Amino acid sequence: MSDSRVGTTVTHRRYVPYSHAHYAGNLVDGAYSLGLFGDVATEMCIVLDGDEGLFASYSDVQFRAPVRAGDVLEITATLVKEGTRSRVLDFAVHVVGRGAATDDAPGRAEVLDPPVVATTATGTVVVPPASHD
């Protein structure tokens, strides 16, 4: 298969609601990032193949920094290798905004510059065979 689509990137942004906090300090569990990777992988399969595809495996997952309720996340999937039916994707979750509440301003938040890399992974998705009309 041609490498012409390698490098294609899909990006989502998501606010993490406080209802997703799972641990002390408003921490969100690591599975939250994996669910977001599934979302961008689904869009990638739709963009590339016109099908939602199926997640087959992760070959690497790294939890590098915490994700907290109140964060604004940017989630990316980038196509790094394409087979006949398989697509290998690199994933990243960046924290681009974070709540910075004070007693006087409980809704205060800030943009993080630079963003914080929270989670990275490499995964493989599969799509149905191309139909030949």
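**Notebook: fold overview and Ala92**

Started with contact order: of the contacts in the protein chain between residues at least 6 apart in sequence, I find that 71% join residues at least 24 apart. I keep in mind that this is a predicted model.

Next I looked up the secondary structure. I get 1 helix and 5 strands for the protein chain. Reading from the N terminus, I note the order as β-α-β-β-β-β.

Then I checked overall dimensions. The C-alpha trace spans about 65 × 25 × 25 Å along its principal axes.

On to surface and burial. I have 133 residues in the protein chain, and buried ones make up 33% of them.

The protein chain has 10 positive and 17 negative charges, and I find their mean positions 3 Å apart.

I place Ala92 in strand 4, which covers residues 86–99. Is Ala92 buried or exposed? I count Ala92 as buried because its relative accessibility is 12%, and the cut-off for buried is under 20%.

Which residues does Ala92 touch, if I leave out those up to four places away in sequence? My list has Phe37, Glu74, Ile75, Thr76, Thr119 and Thr120. I also took a C-alpha distance from Ala92 to Thr11: these two residues are 81 apart along the chain, and I get 9.6 Å between their C-alpha atoms.

Notes: Residues are numbered from 1 along each chain as its sequence is written. This is a predicted model: local features need pLDDT of at least 70, side-chain atom pairs count only at pLDDT 80 or more; totals for chains, interfaces and linings use all residues. Side-chain values use heavy atoms; hydrogens and water are left out. Helices (H or I, at least four residues) and strands (E, at least two) are DSSP runs, numbered from the N terminus. Buried means under 20% relative accessible area, exposed over 50%, partly exposed in between (1.4 Å probe, protein chains only). Contact means heavy atoms within 4.5 Å. Lys and Arg count as positive and Asp and Glu as negative; His and the chain ends are not counted. The place of a charge is taken as NZ of Lys, CZ of Arg, CG of Asp or CD of Glu.
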